[in-house]
Amino acid sequence: MKIGDKMPEFQIMDQDGNLVESSALLNKGKSSVLYTYPKDNTSGCTAEACSFRDAYAELQEAGYTVIGVSKDSVKSHAGFRAKHSLPFTLLADTETSLLQQLGAWGEKKLYGKTYMGALRKTYIITPDGTLARIIEKVDTKRAAQQILNEK
């Protein structure tokens, strides 16, 4: 996806097993922060989620809703959300369809091995579903500030 594109349509389960549709992000008068991350309960992903948690009230005040997306299961997301008291929705894109449409699924390297995985990115989506901004180099400890400082 690139700036100006419309958000892809999707239907994905959240951490509670509820089906969430892309239309749920629209027409609420708020912009959405949709962040993609590799894996629940890893150090970087936990730091990023906690950054959004700690600044959640400030993000809402600035007019944002927050949604996290990874390939992890509903059960994994439920545990991750509860363990870290995350006040926002986590989507379980187990089939990687949304991650792929967003351009957040790609080749990664670890210890000299190449594999496919979720890429860490943050997407700012306007209330009408238009992609306004992509943060490609996410600072996991300051993820929320990267959004708030640019508003």
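Buried means under 20% relative accessible area, exposed means over 50%, and partly exposed lies in between (1.4 Å probe, protein chains only). The model is predicted: local features need pLDDT of at least 70, side-chain atom pairs count only at pLDDT 80 or more, and totals for chains, interfaces and linings use all residues. Residues are numbered from 1 along each chain as its sequence is written, and side-chain values use heavy atoms, with hydrogens and water left out.

Start with the charged pairs. A salt bridge is a side-chain nitrogen of Lys or Arg within 4 Å of a carboxyl oxygen of Asp or Glu. The whole structure holds six of these salt bridges. One of them joins E48 and R120, at 2.7 Å from N to O. This pair links distant parts of the chain, 72 residues apart. E48 sits in helix α1, and R120 in the loop between β7 and β8 (121–125). Helices (H or I, at least four residues) and strands (E, at least two) are DSSP runs, numbered from the N terminus. E48 counts as buried because its relative accessibility is 0%. R120 has 22%, so R120 counts as partly exposed.

K2 pairs with D5, with the closest N and O atoms 3.4 Å apart. K2 is exposed at 55%, while D5 is partly exposed at 23%. R53 pairs with D54 at 2.8 Å between the closest N and O atoms. Here R53 is partly exposed at 27%, and D54 is exposed at 58%.

Now the rings. Rings of Phe, Tyr and Trp (its six-membered ring) pair if their centres lie within 6.5 Å; planes under 30 degrees apart count as stacked, over 60 as edge-to-face and the rest as tilted. The structure holds six aromatic pairs. Y37 and F80 form a tilted one, 6.1 Å centre to centre with 35 degrees between the planes. Y37 lies in the loop between β3 (31–36) and α1 (43–54), and F80 in helix α3 (residues 74–83), 43 residues apart. Both Y37 and F80 are buried. The ring centres of F52 and F88 are 6.5 Å apart and their planes stand at 85 degrees, so this pair is edge-to-face. F52 belongs to helix α1, and F88 to the loop between α3 and β5 (89–92), 36 residues apart. F52 and F88 are buried too. Ring pairs link Y35, Y37, F52, Y56, F80 and F88 into a cluster.

Finally, Y115. Y115 lies in strand β7 (residues 113–118). Its relative accessibility is 35%, so Y115 counts as partly exposed.
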